[in-house]
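User: Please go through this model with me as a series of questions, with the cut-offs stated wherever a geometric term comes in.

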Amino acid sequence: METFAAHPVPAHVPPDMIGDFSLFTSPGMAPTPNGDPQAASAVVHGGPPIFYSPVNTRDGRGTWVITRAQDQRRVLQDPESFSSHRSIFASALGESWPMIPLELDPPEHGKFRSLLNPLLSPKRVMALETAVRERSAFLIDRIAAAGTSCDVMKDFAFPFAVNIFLRFLGLPDDRLDEFVGWANDLFHGDNAKRPAAARKIIAFIDDLAAQRRAQSVDDFMSFLVQSKIDDRPLTDAEIRGTGVLLFVAGLDTVAAAIGFDLNYLARHVDDQRLLRGDPSRIVLAAEELLRAYPTVQMIRVATKDVDFEGAPIRKGDYVSCATMIANRDPAEFDHPERIDLAREDNRHTAFAYGPHRCLGSHLARREIVVALEEWLKRIPDFRIKEGTAPVTYGGHVFGIENLILDWS
Ligand code: HEM
């Protein structure tokens, strides 16, 4: 189990600005059967625009919490005051190198972003579409042939997301189960399993880079080891930082999104029927589901003292811009608690805002839409299997476990 050894609240935080809320420990955030952690995070909208949460990271740190979407955009667009340099992955190993481009600030960030943008452009994603569709159809056909029930996360969402990631990297499928295991240990393992999983991912990325240096093929890693920034090749640390980010960025997030979407649909058979009857609605519906069930808490680190809406943020303080909070802001969305699969003008921030806007958003959207299309095409009215309760959890990346559906 997680341990949340709270760090002391810094002296500069006024006691009346301390809020009783945490994306890790508040009701609905710790693992909860049949939970709805995104809805549970909306309680903050009744309070001030900013407060201090004493335990709001995996390692028990406090963060300021920005509760209004508009203020989150201010933070995310001001990397000079709010830096992305945090070493989330490396800190699991007691190290401090950045994942790239996620944990770099401008101007360095922009150089890597320009290098990587074309790899996940809409055109590139279109080229992956056939593989995405074939893979989801294969997995769902296998599920349908096996009976009238399955565990969505284990049988579909994870093997689907990992397979697409491997294709993106240009790798075969034969180590898929092993990678799913690493991702599981890294994201959901206890403090003993996490460093071991991190080391395996690093060893895998380093080894792949060495192989592609020795012999180049037409894939992502060959591209990376041959790339130049400022007229020089990437360093080993930069290649590792980029490879590790791409390994972790697309796995848990896409799988969790598919899980939350099917969990919602399992409880709203009318909406299943609506989408099954008119699949052209799925693209818009997927946006609403991204709004209602976003998964990523973004954290920034103050680079200087800033007074923000009356809060004395001091250099080094962590500032949380949680997408689940922004996406349920009543100032931004009419009836944010209502899930309306035909909602238009959906300016949600599931894929962030500002310079770090998700590089994989085109691919993620395609994966989600295709997964829903193929699922609804093949699986008749489905519900949560009686006697089971999917467990949801909050944290840095919200997720869902053991989503057992039944269509008998
Ligand atoms: C539903 C699925 C996904 C969600 C909700 C999501 C969300 C996000 C968010 C909120 C950020 C900003 C994080 C921050 O600034 O701290 C981000 C960044 C990023 N995402 Fe995604 N993501 C998803 C899927 C993917 C996929 C499939 C890939 C890659 C194949 C990917 C690659 C990246 C990368 C490389 C960044 C860093 C961008 C930068 O720093 O410039 N993501 N994502």
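User: On what basis are the values computed?

Analyst: This is a predicted model, in which local features need pLDDT of at least 70 and side-chain atom pairs count only at pLDDT 80 or more, while totals for chains, interfaces and linings use all residues. Residues are numbered from 1 along each chain as its sequence is written, and side-chain values use heavy atoms, with hydrogens and water left out.

User: Which protein atom is the donor to the iron atom of the ligand?

Analyst: Donors are N, O and S atoms within 2.8 Å of the metal (3.2 Å for Na, K and Ca), and water is not among the atoms, so sites may look incomplete. The residue concerned lies in the loop between α14 (323-326) and α15 (361-378), where helices (H or I, at least four residues) and strands (E, at least two) are DSSP runs numbered from the N terminus. The iron has a single donor from the protein, 2.3 Å away, and that donor is SG of Cys358.

User: In the open sheet of 3 strands, which are the edge strands?

Analyst: Two strands pair if DSSP finds at least two bridges between them, and 2 bridges join β1 to the antiparallel strand β13 (residues 391-393). The order of the sheet is β1-β13-β14, with antiparallel pairing. The strands that pair on one side only are therefore the edges, namely β1 (32-33) and β14 (399-401).

User: What angle does the direction of helix α11 make with that of β14?

Analyst: Helix α11 (residues 251-266) packs on the sheet and touches β13 and β14, contact meaning heavy atoms within 4.5 Å. Axes are lines fitted to C-alpha atoms, for helices over the stretch in contact, and angles run from 0 to 180 degrees between N-to-C directions. On that convention the angle between α11 and β14 is about 70°.

User: Why is helix α2 described as largely enclosed by the rest of the structure?

Analyst: Buried means under 20% relative accessible area, exposed over 50% and partly exposed in between (1.4 Å probe, protein chains only). The buried residues of α2 (residues 69-76) include Asp71 and Arg73, and the buried residues pack against elements including β3 (63-66), β8 (297-302) and α14. Helix α2 is largely enclosed because the buried residues number 6 of the 8.

User: How far from Asp271 is the nearest side chain of opposite charge?

Analyst: Asp271, in helix α12 (residues 269-277), touches Tyr264, Leu265 and Leu341, not counting residues up to four places away in sequence. Lys and Arg count as positive and Asp and Glu as negative, with His and the chain ends not counted; a salt bridge is a side-chain nitrogen of Lys or Arg within 4 Å of a carboxyl oxygen of Asp or Glu. Asp271 is buried yet has no salt bridge, and the nearest side chain of opposite charge, Arg281, is at 7.7 Å.

User: How many residues apart in sequence are the parts tied together by Asp230 and Lys111?

Analyst: The side chains of Asp230 and Lys111 meet in a salt bridge of 2.9 Å, N to O. Asp230 lies in the loop between β6 (228-229) and β7 (232-233), whereas Lys111 belongs to helix α4 (residues 108-116), so the parts tied together are separated in sequence by 119 residues.
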